[in-house]
Amino acid sequence: MAVVTLLVQMSAGGMATERRFARGTSIGELKERLALVAGASPTEMKLSVLNARNELVALLDDDMRLLDSYPLENFMTLFVDVSASAMVRQLGDVSQVEKFELADEEYDRRENSFRKFRQNNPQLFAEADRAAHAEDGADAAAAIQVGMRAETSDDPAEPRRGTVAFVGKVDFAPGYWVGVALDEPLGKHDGEVKGRRYFACPDGHGVFKKAALVAVGDYPEIDPFADEM
């Protein structure tokens, strides 16, 4: 079987590669073979052949014609011109890019990383963080109303009960929060936080919790002497 050796050059650049093709190959079949190399479909390619002086020998624009019907000689250049749309698609296809992965511990040790910069300059990202979490807890807060009995605790073995005194957004953190006036002085304030009053209760009875961490329902006051009876 007669073959011809051509130097395949892509319009995107790079080194030309030497490839052998059967002279009985049609232009349509040739484009199919070049599709994987060019990263483009046959309809997005224009083929031409250049001689050693970079002069045009032939345009391979008839998919039905065979290579043998063109005046081709060994080591001529087969120039594959890929359409702009195909090249843009290739550049946007990140699946072809090998990912660089770094262990979390190793990233923490880097002094010039974005994570370290963010840790050292929290004030620069405060507004962005607040905006990103502005609606956190909205669904849970929608089911809670002022006046409801509530239970909340970081330790399930020692629940804290009280009455919901505030539901909504606050100045000290993003998202929706619930203010509870506790039955016992197990809180942190009297309903005022950082100069803003959200509700009123005896000092040490007020506490704020994220809406998702507050359970509402029939929670009577806890009798501290119940276990002694």
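Colleague: Which residue in strand 8 does F166 stand opposite?

Modeller: In this predicted model, F166 stands opposite G179.

Colleague: And what makes strand 7 and strand 8 a pair?

Modeller: Pairing needs at least two bridges between two strands. Strand 7 and strand 8 are joined by seven bridges, so they count as paired, and they run antiparallel.

Colleague: Where do these strands sit in the sheet?

Modeller: The open sheet has five strands in the order 11-8-7-6-12, with antiparallel pairing.

Colleague: Why are strand 11 and strand 12 said to stand at the edges?

Modeller: Strand 11 (206-210) and strand 12 (215-216) each have a single partner strand, so one side of each is left without a neighbour in the sheet.

Colleague: Now the charges. How do you know that E151 and R161 form a salt bridge?

Modeller: The cut-off is 4 Å between a side-chain nitrogen of Lys or Arg and a carboxyl oxygen of Asp or Glu. For E151 and R161 the N to O distance is 2.8 Å, so the pair qualifies. This bridge links strand 6, which holds E151, to strand 7 (residues 160-169), which holds R161.

Colleague: What about R23 and D68, at 3.8 Å?

Modeller: That value is also within 4 Å, so R23 and D68 count as a salt bridge. R23 lies in the loop between strand 2 (17-22) and helix 1 (27-38), and D68 in the loop between strand 4 (56-60) and strand 5 (76-82), so the bridge ties together parts that are 45 residues apart in sequence.

Colleague: Why is R23 called buried, while E151 is called partly exposed?

Modeller: Buried means under 20% relative accessible area. R23 has 18%, so it is buried.

Colleague: How many salt bridges does the structure hold?

Modeller: There are 10. Another of them joins D183 to R149, with the closest N and O atoms 2.7 Å apart.

Colleague: Last topic: which residues touch the most other members of the largest nonpolar core?

Modeller: They are F21, L34, L47, L60, L78 and V80, in a core of 23 residues. Helix 1 gives the largest share, five residues.

Colleague: What does L47 touch?

Modeller: Leaving aside residues up to four places away in sequence, the contacts of L47 include I27, L30, L34, L60, L78 and V80.

Notes: Residues are numbered from 1 along each chain as its sequence is written. This is a predicted model: local features need pLDDT of at least 70, side-chain atom pairs count only at pLDDT 80 or more; totals for chains, interfaces and linings use all residues. Side-chain values use heavy atoms; hydrogens and water are left out. Helices (H or I, at least four residues) and strands (E, at least two) are DSSP runs, numbered from the N terminus. Buried means under 20% relative accessible area, exposed over 50%, partly exposed in between (1.4 Å probe, protein chains only). A nonpolar core is a set of buried Ala, Val, Leu, Ile, Met, Phe, Trp, Tyr and Cys residues joined through side-chain atoms within 4.5 Å. Contact means heavy atoms within 4.5 Å.
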